[in-house]
2 protein chains.
Amino acid sequence: MKGLIGVLGGMGPAATVDMFNKFVTFTSASSDQQHIPLLISSIPDIPDRTAALMQEGHSPLPAMRDYLQRLEQAGAECIVIPCNTAHFWFDELRQSCHVELLNIVEATLNEVCASGQHHIGLLATNATLYMGLYQQAIEAHGLRCIAPDREGQEQVMESIYALKAGDAEHARRLMERQADALFARGAQIIVLGCTEVPVILAEAQRAQPERYIESTGALVRAGIRWYEKRVGKTDLLTQ
Amino acid sequence: MKGLIGVLGGMGPAATVDMFNKFVTFTSASSDQQHIPLLISSIPDIPDRTAALMQEGHSPLPAMRDYLQRLEQAGAECIVIPCNTAHFWFDELRQSCHVELLNIVEATLNEVCASGQHHIGLLATNATLYMGLYQQAIEAHGLRCIAPDREGQEQVMESIYALKAGDAEHARRLMERQADALFARGAQIIVLGCTEVPVILAEAQRAQPERYIESTGALVRAGIRWYEKRVGKTDLLTQ
């Protein structure tokens, strides 16, 4: 299957549904057959990424390698991973991957730079913050990164785990408060640098899409552009 | 991966997103790791099922067989197909399949019988109606099946293809009118016997869930029950 995109998902499942939905809705297609071919692994027994980095939990790398290889063996020509924290292991995964592996942080940063804004809020997991995945890249572009304070960050994590446990409403209330706090501290846009956050803040994004840059959508757009090049099509992107 | 469920999707992609979302939201889980492992094929170049049956289009069977075998080779122990019309080829697919293959019509009929209602409306593709997939089973249980008249059925098909082409709003308006017509003709509940229809009528179902029995959800529940047996768990189903 020419142009088959593999999705190494399950981290978590709801974020993987969100990515799949964005692939379908961001593709301009007038029939089933014009949509982008996807093979989605949502095998969620991969050890928790944040726990591995912050609490000495089991490493997710062996399971991620295993499921990535299955996607390759099944014919995927390009792989995307809808989990920002998992990108701590990006270089190791790329080394064991024989096809194109798109990077969610790069895809998101491209959209941050294109926005023309300078004060960039950041909602992400403790581990993503701790590793500096986004802050370093944002500051390397001469922009200012505004992350939650210690107490606020605890609420961000409570919200993310609430969504993973199925309590979307509790997750939404907690996260909207933290987004408001970042805007109050001068953020002009907020990077949703955890793939659970666009699910949690879906309503706020619908109301004011120009205030958010979300990593799942950025990676989907990068995937659609990869597919366009691979099969020689253009104008597949609706947004 | 013990209990891996393969989803032979892409028929169409939006219906496959809906199935994936239902697997996630219908599973009682307090962390990523407790969710059901899924491998989802959304390779949509499978020839149109209705066109194959009604207009002598290409058969979708070879492509469905190919993608089903890939799911098996990647470790799926049970396969579900979120497309009712594709179930015309169910017996052929079962013959070439070495693992469990769950049937969407059987899963849906079980829920129809459990509802205790006797006048059953039916929204499905021309091909599903033409083959009598649902009518025969409904009538075999001594129940009355109420399908749209010829003109109404044309609107049903226009609605389904509108969703496939990305026009969800036009699809919704057309389909709600046909649902209302079936209720007006005495339907106590309506079977949504095409996996695009639950996507199109999502709002109407949220408002009055007791009036609809939808095939995607029925198949997801059957899949979750299969998984419970396979891994020896109980109480995974939230709805």
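This is a predicted model: local features need pLDDT of at least 70, side-chain atom pairs count only at pLDDT 80 or more; totals for chains, interfaces and linings use all residues.
Colleague: Where should I start with chain A, and which domains is it divided into?

Modeller: Start with the domain bounds. Domain 1 of chain A takes in 3-102 and 215-229, and domain 2 covers 103-213. Taken over C-alpha atoms, the centres of domain 1 and domain 2 of chain A are 20 Å apart.

Colleague: How many residues of domain 1 of chain A are in contact with domain 2 of chain A?

Modeller: Contact is counted between heavy atoms within 4.5 Å. In chain A, 27 residues of domain 1 are in contact with 25 residues of domain 2. The area buried between these two domains of chain A is about 1,900 Å², and carbon and sulfur atoms give 59% of that. On the side of domain 1 of chain A, the residues that lose the most area to domain 2 are Met54(A), Asn84(A) and Ser215(A), together 28% of what that side buries.

Colleague: How many salt bridges does the rule find across the interface of domain 1 and domain 2 of chain A?

Modeller: The rule finds one salt bridge across that interface. The rule also finds ten residue pairs in polar contact between domain 1 and domain 2 of chain A, both residues of each pair being at pLDDT 80 or more.

Colleague: Which helices of chain A supply the side of domain 1 that touches domain 2?

Modeller: In chain A, α1 (13-25), α2 (49-54) and α12 (215-231) each supply at least two residues of that side. The largest share, six residues, comes from α12(A). Sorted by class, the side of domain 1 of chain A that touches domain 2 has 15 nonpolar, seven polar and five charged residues.

Colleague: What is the area buried between chain A and chain B?

Modeller: The area buried between chain A and chain B is about 2,800 Å², of which 60% is given by carbon and sulfur atoms. The contact takes 39 residues from chain A and 39 residues from chain B. Phe20(A), Asp32(A) and Gln33(A) supply 21% of the area that chain A buries against chain B, more than any other three residues.

Colleague: How many salt bridges are there between chain A and chain B?

Modeller: The count between chain A and chain B is four salt bridges. One of these pairs the side chains of Asp32(B) and Lys164(A), at 2.8 Å from N to O. The interface of chain A and chain B also has eleven residue pairs in polar contact, both at pLDDT 80 or more.

Colleague: Which element of chain A gives the most to the side that touches chain B?

Modeller: α1(A) gives the most, with seven residues. By class, the side of chain A that touches chain B has 21 nonpolar, eleven polar and seven charged residues.

Colleague: How many salt bridges does a search of the whole structure find?

Modeller: A search over all chains finds 24 salt bridges. Among them is Lys22(A) with Glu214(A), whose closest N and O atoms are 3.0 Å apart. Lys22(A) lies in helix α1 of chain A and Glu214(A) in strand β8 (residues 212-214) of chain A, so the pair ties together parts 192 residues apart in sequence.

Colleague: Finally, the backbone. Which peptide bond of chain A is cis?

Modeller: In general, most peptide bonds are trans, and most residues other than glycine have a negative phi. In chain A, the peptide bond from Met11(A) to Gly12(A) is cis, with omega near -10°. Gly12(A) is in the loop between β1 (5-8) and α1 of chain A. In chain B, a cis peptide bond joins Met11(B) and Gly12(B), with omega about -5°.

Colleague: Is phi of Glu56(A) positive or negative?

Modeller: Positive: phi of Glu56(A) is near 55°. Glu56(A) is found in the loop between α2 and α3 of chain A.

Methods:
Residues are numbered from 1 along each chain as its sequence is written. Chains are lettered from A and ligands numbered from 1 in the order in which they are written. Side-chain values use heavy atoms; hydrogens and water are left out. Domain bounds come from an automatic or database domain assignment. Buried area is the accessible area (1.4 Å probe) that two parts lose on being put together, summed over both. A polar contact is a pair of N or O atoms within 3.5 Å; within protein, one must be able to donate a hydrogen and the other to accept it, and residues adjacent in sequence count only if both atoms are side-chain atoms. Helices (H or I, at least four residues) and strands (E, at least two) are DSSP runs, numbered from the N terminus. Ala, Val, Leu, Ile, Met, Phe, Trp, Tyr, Cys and Pro count as nonpolar, Asp, Glu, Lys and Arg as charged, and the others, Gly among them, as polar.
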